[in-house]
Amino acid sequence: MSTCVECGASVVNLYTQYSKDNIRLTTCDQCNNFADKYIEHDFVIIFIDMLLHKPQVYRHLLFNRITEQDGVEPHVFRFAILLILFEVYIKWFRLERYYTDYDTKFIEQPLYYQYLYILTLCIFGNL
């Protein structure tokens, strides 16, 4: 069973294929939007939306691209790791600015400790 990327409701199918190059996207019964607009989008658009942290693209990858037969596609893991590393860098920059103004205990720690601490925070935050 597939999932609508806009509202999270279950849909019977994501598209109807009339011929090899002719498909029609299914609309969701609950939100009246396309159930999964990312089926027609290029890989670059999906990557950009992942960088923008759009929840629809994550629903597309987690619920509609991962099938029980194929398992998790390798590029999903690579993008998840890449996004977590970007988030670690951003949080590290923000925390470093915050702690240099108010408290120096975090800054006095070794770099690997700071990185592992923020990496752990980001991994648990994303799970």
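**Helix H5 and its two sides**

Good morning. I begin with the face of helix H5 that is turned away from its buried side: this face carries the exposed residues Tyr112 and Phe124. Please keep in mind that the model is a predicted one.

H5 covers residues 111-126, which makes 16 residues. From its first C-alpha to its last it reaches 22 Å, close to the 22 Å expected at 1.5 Å a residue.

Which residues of H5 are buried? They are Gln114, Ile118, Leu119 and Cys122. These four lie on the same side of H5, because they cover an arc of only 125° around the axis. An α-helix has 3.6 residues a turn, so residues three or four places apart point the same way.

I turn next to a residue of another helix. Glu87 belongs to helix H3, residues 74-102. Is Glu87 buried or exposed? Its relative accessible area is 19%, and the cut-off for buried is under 20%, so Glu87 counts as buried. If we leave aside its neighbours within four places in sequence, Glu87 is in contact with Cys122 and Asn126.

Finally, let us consider the surface. Tyr112, Tyr113, Leu116, Tyr117 and Leu121 form a nonpolar patch there, and together they have about 540 Å² of accessible area. Of these, Leu121 is located in H5 and is partly exposed, with a relative accessible area of 40%. Tyr112, with which I opened, is exposed and also belongs to this patch.

Thank you for your attention.

Terms used:
Residues numbered from 1 in each chain as written. Predicted model: local features only at pLDDT ≥ 70, side-chain atom pairs only at ≥ 80, totals over all residues. Heavy atoms only, no water. Expected span 1.5 Å × (residues − 1). Buried < 20%, exposed > 50% of the residue type's maximum accessible area, 1.4 Å probe, protein only. Arc of directions from axis to C-beta. Contact = heavy atoms within 4.5 Å. Patch = residues over 30% accessible without salt bridge, like charges linked within 9 Å, V, L, I, M, F, W, Y side chains within 5 Å. Areas by Shrake-Rupley, 256 points an atom, 1.4 Å probe, with all protein chains shown as cover. Salt bridge = Lys/Arg side-chain N within 4 Å of Asp/Glu carboxyl O.
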